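Subject: Structure for your review

Dear colleague,

Please find below the structure that I am handing over to you. My findings follow it.

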Amino acid sequence: MSRPTVLMPGPMNETVLTGTAEHFDVIRLWEADDPDAVLAERAKDITAVATGGTAIDGAFLDRLPALRIVASFGVGYDKIDAVAAAERGVVVTNTPGVLDDEVADTALGLLLMTARELSRAERYLRAGSWPDGAYPLTKATLNGRTMGILGLGRIGEAIAHRAQAFGIDIAYHNRHPKNVAYTYYTTLLELATAVDILMIVIPGGEETRHLVNAEVLKALGPDGILINIARGTVVDEAALAEALATNTILSAGLDVFEHEPQVHPALLDLPNAVLLPHVGSATIPTRNAMGQLVVDNLRSWFDNGVPLTPVQESADLVRKLNG
Ligand code: 8YV
(Lines give C-alpha, C1' and ligand atoms only; values in the text may rest on other atoms or scores of the structure.)
Protein backbone atom coordinates (compact mmCIF):
# COMPACT_ATOMS: atom_id res chain seq x y z
CA MET A 1 0.00 0.00 0.00
CA SER A 2 1.33 3.46 -0.84
CA ARG A 3 2.15 5.78 2.02
CA PRO A 4 -0.11 8.79 2.70
CA THR A 5 1.14 12.07 1.28
CA VAL A 6 1.85 14.87 3.78
CA LEU A 7 2.34 18.42 2.57
CA MET A 8 4.79 20.49 4.62
CA PRO A 9 4.51 24.14 3.51
CA GLY A 10 7.50 25.33 5.59
CA PRO A 11 10.48 23.88 7.47
CA MET A 12 9.68 22.20 10.78
CA ASN A 13 11.32 20.87 13.94
CA GLU A 14 13.72 17.92 13.38
CA THR A 15 11.44 15.47 15.22
CA VAL A 16 8.65 16.25 12.76
CA LEU A 17 10.99 15.99 9.77
CA THR A 18 12.37 12.57 10.74
CA GLY A 19 9.08 11.19 12.13
CA THR A 20 7.05 12.11 9.06
CA ALA A 21 9.77 10.95 6.64
CA GLU A 22 9.69 7.53 8.31
CA HIS A 23 5.97 6.97 7.83
CA PHE A 24 4.76 9.24 5.03
CA ASP A 25 5.58 10.57 1.60
CA VAL A 26 6.44 14.17 2.50
CA ILE A 27 6.31 17.11 0.08
CA ARG A 28 8.77 19.75 1.34
CA LEU A 29 7.09 22.68 -0.37
CA TRP A 30 9.59 25.31 0.76
CA GLU A 31 12.29 23.54 -1.26
CA ALA A 32 10.25 23.54 -4.49
CA ASP A 33 11.29 25.91 -7.32
CA ASP A 34 7.65 26.42 -8.24
CA PRO A 35 5.46 25.68 -5.17
CA ASP A 36 2.22 26.50 -7.03
CA ALA A 37 3.02 23.98 -9.76
CA VAL A 38 3.85 21.30 -7.15
CA LEU A 39 0.58 22.00 -5.33
CA ALA A 40 -1.46 21.79 -8.52
CA GLU A 41 0.25 18.60 -9.64
CA ARG A 42 0.08 16.76 -6.28
CA ALA A 43 -3.22 18.17 -4.92
CA LYS A 44 -5.17 14.94 -5.45
CA ASP A 45 -2.61 12.94 -3.39
CA ILE A 46 -2.28 15.31 -0.45
CA THR A 47 -4.36 14.00 2.45
CA ALA A 48 -2.48 15.72 5.28
CA VAL A 49 -0.69 18.97 6.03
CA ALA A 50 1.94 19.34 8.76
CA THR A 51 2.54 22.97 9.60
CA GLY A 52 4.39 25.14 12.07
CA GLY A 53 3.13 28.61 11.35
CA THR A 54 1.96 28.89 7.73
CA ALA A 55 -1.41 30.67 7.48
CA ILE A 56 -4.07 28.23 6.33
CA ASP A 57 -7.37 29.72 5.21
CA GLY A 58 -10.39 28.54 3.20
CA ALA A 59 -8.73 29.45 -0.13
CA PHE A 60 -5.67 27.34 0.71
CA LEU A 61 -7.89 24.42 1.79
CA ASP A 62 -9.85 24.67 -1.48
CA ARG A 63 -6.66 23.91 -3.39
CA LEU A 64 -6.39 20.55 -1.62
CA PRO A 65 -9.63 18.60 -2.27
CA ALA A 66 -8.28 15.30 -0.86
CA LEU A 67 -7.13 16.87 2.41
CA ARG A 68 -8.38 15.23 5.64
CA ILE A 69 -6.13 16.53 8.42
CA VAL A 70 -3.98 19.53 9.31
CA ALA A 71 -1.49 18.72 12.10
CA SER A 72 -0.23 21.96 13.60
CA PHE A 73 2.90 22.44 15.73
CA GLY A 74 2.14 24.55 18.83
CA VAL A 75 -0.81 24.97 21.13
CA GLY A 76 -1.99 28.22 19.51
CA TYR A 77 -3.50 27.77 16.06
CA ASP A 78 -4.75 31.28 15.33
CA LYS A 79 -3.14 31.19 11.85
CA ILE A 80 -5.37 28.27 10.86
CA ASP A 81 -9.03 28.77 10.01
CA ALA A 82 -10.24 25.70 11.92
CA VAL A 83 -13.91 26.49 11.21
CA ALA A 84 -13.29 26.62 7.44
CA ALA A 85 -11.42 23.32 7.80
CA ALA A 86 -14.30 21.64 9.68
CA GLU A 87 -16.74 22.89 7.02
CA ARG A 88 -14.61 21.08 4.44
CA GLY A 89 -14.39 17.89 6.52
CA VAL A 90 -10.78 18.57 7.53
CA VAL A 91 -9.70 17.87 11.12
CA VAL A 92 -7.17 20.22 12.75
CA THR A 93 -4.88 19.08 15.57
CA ASN A 94 -2.54 21.11 17.80
CA THR A 95 0.00 20.18 20.52
CA PRO A 96 -1.54 20.99 23.92
CA GLY A 97 -0.29 19.71 27.28
CA VAL A 98 3.33 18.95 26.45
CA LEU A 99 4.39 22.61 26.67
CA ASP A 100 2.34 23.80 29.66
CA ASP A 101 5.17 23.66 32.22
CA GLU A 102 7.75 25.22 29.90
CA VAL A 103 5.52 28.17 29.03
CA ALA A 104 4.51 28.61 32.68
CA ASP A 105 8.20 28.69 33.66
CA THR A 106 8.81 31.39 31.05
CA ALA A 107 5.84 33.37 32.36
CA LEU A 108 7.22 33.37 35.91
CA GLY A 109 10.74 34.15 34.69
CA LEU A 110 9.44 37.07 32.68
CA LEU A 111 7.44 38.31 35.65
CA LEU A 112 10.54 38.24 37.88
CA MET A 113 12.62 39.96 35.19
CA THR A 114 9.99 42.67 34.85
CA ALA A 115 9.05 43.31 38.49
CA ARG A 116 12.63 43.14 39.81
CA GLU A 117 14.25 44.65 36.66
CA LEU A 118 16.65 41.72 36.48
CA SER A 119 17.70 42.11 32.84
CA ARG A 120 18.18 45.84 33.31
CA ALA A 121 20.25 45.20 36.46
CA GLU A 122 22.43 42.76 34.53
CA ARG A 123 22.96 45.32 31.78
CA TYR A 124 23.98 47.78 34.52
CA LEU A 125 26.64 45.37 35.78
CA ARG A 126 27.95 44.54 32.29
CA ALA A 127 28.14 48.24 31.46
CA GLY A 128 30.59 48.60 34.37
CA SER A 129 28.26 50.86 36.37
CA TRP A 130 28.27 48.91 39.65
CA PRO A 131 31.48 50.51 41.07
CA ASP A 132 29.71 53.88 40.68
CA GLY A 133 26.91 52.80 42.98
CA ALA A 134 24.40 50.07 43.72
CA TYR A 135 21.63 49.42 41.21
CA PRO A 136 18.58 51.49 42.23
CA LEU A 137 15.95 49.78 44.37
CA THR A 138 12.95 48.61 42.38
CA LYS A 139 9.52 50.01 43.07
CA ALA A 140 7.85 46.66 42.55
CA THR A 141 7.95 43.57 44.73
CA LEU A 142 6.08 40.32 44.22
CA ASN A 143 5.38 40.00 47.94
CA GLY A 144 1.68 40.20 48.72
CA ARG A 145 0.71 40.91 45.11
CA THR A 146 -2.35 39.73 43.20
CA MET A 147 -2.18 38.23 39.73
CA GLY A 148 -5.11 38.35 37.34
CA ILE A 149 -5.01 35.65 34.71
CA LEU A 150 -6.76 36.41 31.44
CA GLY A 151 -7.54 32.94 30.10
CA LEU A 152 -7.36 30.28 32.80
CA GLY A 153 -6.77 27.13 30.77
CA ARG A 154 -4.09 24.49 31.23
CA ILE A 155 -1.18 26.93 30.89
CA GLY A 156 -2.98 29.50 33.06
CA GLU A 157 -3.40 26.89 35.80
CA ALA A 158 0.29 25.95 35.61
CA ILE A 159 1.16 29.65 36.00
CA ALA A 160 -1.30 30.06 38.91
CA HIS A 161 0.20 27.04 40.65
CA ARG A 162 3.71 28.51 40.42
CA ALA A 163 2.62 32.03 41.36
CA GLN A 164 0.90 30.71 44.49
CA ALA A 165 4.23 29.25 45.61
CA PHE A 166 5.54 32.84 45.43
CA GLY A 167 2.73 33.92 47.78
CA ILE A 168 0.80 35.65 44.99
CA ASP A 169 -3.02 35.65 45.15
CA ILE A 170 -4.79 34.53 41.99
CA ALA A 171 -7.84 35.94 40.24
CA TYR A 172 -8.99 35.31 36.66
CA HIS A 173 -11.34 36.17 33.85
CA ASN A 174 -12.70 33.61 31.39
CA ARG A 175 -15.94 33.62 29.45
CA HIS A 176 -17.34 31.33 32.14
CA PRO A 177 -16.19 30.67 35.72
CA LYS A 178 -14.35 27.41 36.36
CA ASN A 179 -14.57 25.07 39.31
CA VAL A 180 -11.45 26.51 40.98
CA ALA A 181 -10.76 28.38 44.22
CA TYR A 182 -9.48 31.54 42.47
CA THR A 183 -11.53 34.75 42.45
CA TYR A 184 -13.55 35.11 39.23
CA TYR A 185 -14.26 38.46 37.56
CA THR A 186 -16.97 38.63 34.93
CA THR A 187 -15.18 41.32 32.91
CA LEU A 188 -11.57 41.97 31.99
CA LEU A 189 -11.92 45.57 33.15
CA GLU A 190 -12.95 44.46 36.65
CA LEU A 191 -10.06 42.01 36.75
CA ALA A 192 -7.54 44.65 35.64
CA THR A 193 -8.88 47.07 38.26
CA ALA A 194 -8.56 44.49 41.06
CA VAL A 195 -5.06 43.10 40.41
CA ASP A 196 -1.40 44.21 40.43
CA ILE A 197 -0.22 41.87 37.67
CA LEU A 198 -2.22 41.09 34.54
CA MET A 199 -1.06 37.81 32.97
CA ILE A 200 -2.28 37.20 29.40
CA VAL A 201 -2.70 33.53 28.52
CA ILE A 202 -5.75 33.74 26.24
CA PRO A 203 -5.56 32.43 22.63
CA GLY A 204 -4.98 34.86 19.75
CA GLY A 205 -7.21 35.43 16.73
CA GLU A 206 -9.91 37.91 15.77
CA GLU A 207 -12.07 37.24 18.85
CA THR A 208 -9.39 38.41 21.27
CA ARG A 209 -7.76 41.10 19.11
CA HIS A 210 -6.78 44.21 21.15
CA LEU A 211 -8.76 43.00 24.16
CA VAL A 212 -6.09 44.64 26.31
CA ASN A 213 -6.50 48.26 25.22
CA ALA A 214 -5.88 51.73 26.70
CA GLU A 215 -8.89 51.43 29.02
CA VAL A 216 -7.75 48.09 30.46
CA LEU A 217 -4.21 49.42 30.96
CA LYS A 218 -5.54 52.48 32.75
CA ALA A 219 -7.55 50.18 35.03
CA LEU A 220 -4.39 48.16 35.77
CA GLY A 221 -2.94 51.39 37.09
CA PRO A 222 0.45 53.01 37.85
CA ASP A 223 1.74 50.09 39.96
CA GLY A 224 0.44 47.52 37.47
CA ILE A 225 2.55 45.01 35.57
CA LEU A 226 1.44 43.44 32.29
CA ILE A 227 2.87 40.08 31.18
CA ASN A 228 2.02 38.55 27.80
CA ILE A 229 3.12 35.02 26.87
CA ALA A 230 0.09 34.30 24.66
CA ARG A 231 -0.26 36.22 21.41
CA GLY A 232 0.78 39.77 20.55
CA THR A 233 -2.55 40.45 18.88
CA VAL A 234 -4.35 40.38 22.25
CA VAL A 235 -2.68 43.70 23.18
CA ASP A 236 -3.02 47.05 21.43
CA GLU A 237 0.75 47.59 21.19
CA ALA A 238 0.56 51.31 20.43
CA ALA A 239 -1.67 51.81 23.50
CA LEU A 240 0.74 49.74 25.58
CA ALA A 241 3.78 51.76 24.45
CA GLU A 242 1.87 54.94 25.35
CA ALA A 243 0.85 53.53 28.77
CA LEU A 244 4.46 52.59 29.54
CA ALA A 245 5.85 55.95 28.38
CA THR A 246 3.36 57.91 30.49
CA ASN A 247 3.65 55.60 33.55
CA THR A 248 -0.04 54.74 33.25
CA ILE A 249 1.24 51.26 34.14
CA LEU A 250 4.55 50.44 35.82
CA SER A 251 6.07 47.93 33.41
CA ALA A 252 5.46 45.14 30.92
CA GLY A 253 7.09 41.80 30.12
CA LEU A 254 6.39 40.56 26.60
CA ASP A 255 7.32 37.26 24.94
CA VAL A 256 4.96 37.81 21.99
CA PHE A 257 4.30 40.67 19.55
CA GLU A 258 1.72 41.69 17.02
CA HIS A 259 4.00 41.47 13.97
CA GLU A 260 6.69 38.95 14.91
CA PRO A 261 9.60 39.01 14.39
CA GLN A 262 9.14 42.79 14.15
CA VAL A 263 8.70 44.62 17.45
CA HIS A 264 6.84 47.92 17.75
CA PRO A 265 9.69 50.49 17.61
CA ALA A 266 8.29 52.49 20.53
CA LEU A 267 8.58 49.41 22.80
CA LEU A 268 12.27 48.98 21.96
CA ASP A 269 13.10 52.38 23.44
CA LEU A 270 11.22 51.92 26.71
CA PRO A 271 13.29 51.06 29.82
CA ASN A 272 10.23 49.64 31.62
CA ALA A 273 9.53 46.95 29.01
CA VAL A 274 11.24 43.52 29.11
CA LEU A 275 11.17 41.98 25.65
CA LEU A 276 11.82 38.33 24.76
CA PRO A 277 11.87 36.82 21.24
CA HIS A 278 8.93 34.36 21.67
CA VAL A 279 10.81 31.73 23.68
CA GLY A 280 7.85 30.48 25.76
CA SER A 281 8.19 26.80 24.78
CA ALA A 282 11.66 27.07 23.27
CA THR A 283 13.66 24.25 24.85
CA ILE A 284 14.92 21.24 22.89
CA PRO A 285 13.01 18.65 25.01
CA THR A 286 9.70 20.54 24.86
CA ARG A 287 9.95 21.37 21.16
CA ASN A 288 10.74 17.70 20.48
CA ALA A 289 7.71 16.62 22.52
CA MET A 290 5.57 19.04 20.49
CA GLY A 291 7.07 17.65 17.27
CA GLN A 292 6.40 14.08 18.37
CA LEU A 293 2.76 14.95 19.02
CA VAL A 294 2.44 16.29 15.47
CA VAL A 295 3.77 12.98 14.14
CA ASP A 296 1.61 10.93 16.55
CA ASN A 297 -1.53 12.82 15.53
CA LEU A 298 -0.85 12.00 11.87
CA ARG A 299 -0.04 8.37 12.60
CA SER A 300 -3.08 7.87 14.81
CA TRP A 301 -5.27 9.46 12.15
CA PHE A 302 -3.99 7.28 9.32
CA ASP A 303 -3.76 4.08 11.42
CA ASN A 304 -7.02 4.34 13.39
CA GLY A 305 -8.97 7.33 12.01
CA VAL A 306 -8.67 9.02 15.42
CA PRO A 307 -6.71 12.25 15.90
CA LEU A 308 -5.10 12.42 19.36
CA THR A 309 -5.52 16.12 20.09
CA PRO A 310 -8.08 17.72 17.78
CA VAL A 311 -8.81 21.41 18.34
CA GLN A 312 -12.19 22.44 19.72
CA GLU A 313 -13.55 23.52 16.30
CA SER A 314 -12.95 19.97 15.00
CA ALA A 315 -14.83 18.25 17.86
CA ASP A 316 -18.16 17.81 16.03
CA LEU A 317 -16.44 16.55 12.91
CA VAL A 318 -14.40 14.01 14.90
CA ARG A 319 -17.59 12.80 16.64
CA LYS A 320 -19.32 12.38 13.29
CA LEU A 321 -16.33 10.55 11.78
CA ASN A 322 -16.22 8.16 14.71
CA GLY A 323 -19.93 7.44 14.41
C1 8YV B 1 5.81 28.21 19.77
C2 8YV B 1 3.56 28.86 20.76
O3 8YV B 1 6.62 29.35 19.78
O4 8YV B 1 2.61 26.73 21.05
C5 8YV B 1 2.43 27.91 20.77
O6 8YV B 1 1.30 28.34 20.50
O7 8YV B 1 3.39 30.01 20.65
C8 8YV B 1 4.95 28.37 20.98
O9 8YV B 1 4.97 27.23 21.73
C10 8YV B 1 5.25 28.12 18.43
O11 8YV B 1 4.36 27.08 18.31
C12 8YV B 1 6.38 27.93 17.43
O13 8YV B 1 5.91 27.71 16.17
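Which residue in β9 is the bridge partner of methionine 147? It is isoleucine 197. The two strands concerned are β6 (residues 146–150) and β9 (residues 197–200), which run parallel and are joined by four bridges. Strands here are DSSP runs of E with at least two residues, helices are runs of H or I with at least four, and both are numbered from the N terminus. Two strands count as paired if DSSP finds at least two bridges between them.

Before the remaining findings, a note on the source. This is a predicted model, in which local features need pLDDT of at least 70 and side-chain atom pairs count only at pLDDT 80 or more, while totals for chains, interfaces and linings use all residues. Residues are numbered from 1 along each chain as its sequence is written, and side-chain values use heavy atoms, with hydrogens and water left out.

The sheet with β6 and β9

Strands β6 and β9 belong to an open sheet of seven strands with parallel pairing, in the order β8-β7-β6-β9-β10-β11-β12. Its edge strands, β8 (183–184) and β12 (273–275), each pair on one side only. Helix α7 (residues 154–165) lies across β6, β7 (169–173) and β9, and runs at about 175° to β6. Contact here means heavy atoms within 4.5 Å; axes are lines fitted to C-alpha atoms, for helices over the stretch in contact, and angles run from 0 to 180 degrees between N-to-C directions.

The five-stranded sheet

A further open sheet has five strands in the order β2-β1-β3-β4-β5, again with parallel pairing. At its edges are β2 (25–28) and β5 (91–93), each of which pairs on one side only. From one strand to the next, the twist averages 20°. Strands β3 (residues 46–51) and β4 (residues 69–72) pair in the parallel sense over four bridges, and valine 49 stands opposite valine 70 in β4. Helix α2 (residues 35–42) lies across β1 (5–8), β2 and β3, at about 150° to β2.

The ligand

The residues around the ligand (a heavy atom within 4 Å) include Gly76, Arg231, Ser281 and Arg287. Polar contacts are pairs of N or O atoms within 3.5 Å. A polar side-chain atom of serine 281 lies 2.6 Å from a ligand oxygen atom, and one of arginine 287 lies 3.1 Å from a ligand oxygen atom.

Yours sincerely

Note on methods: Polar contact = N/O pair within 3.5 Å; in protein donor to acceptor, adjacent residues only side chain to side chain.
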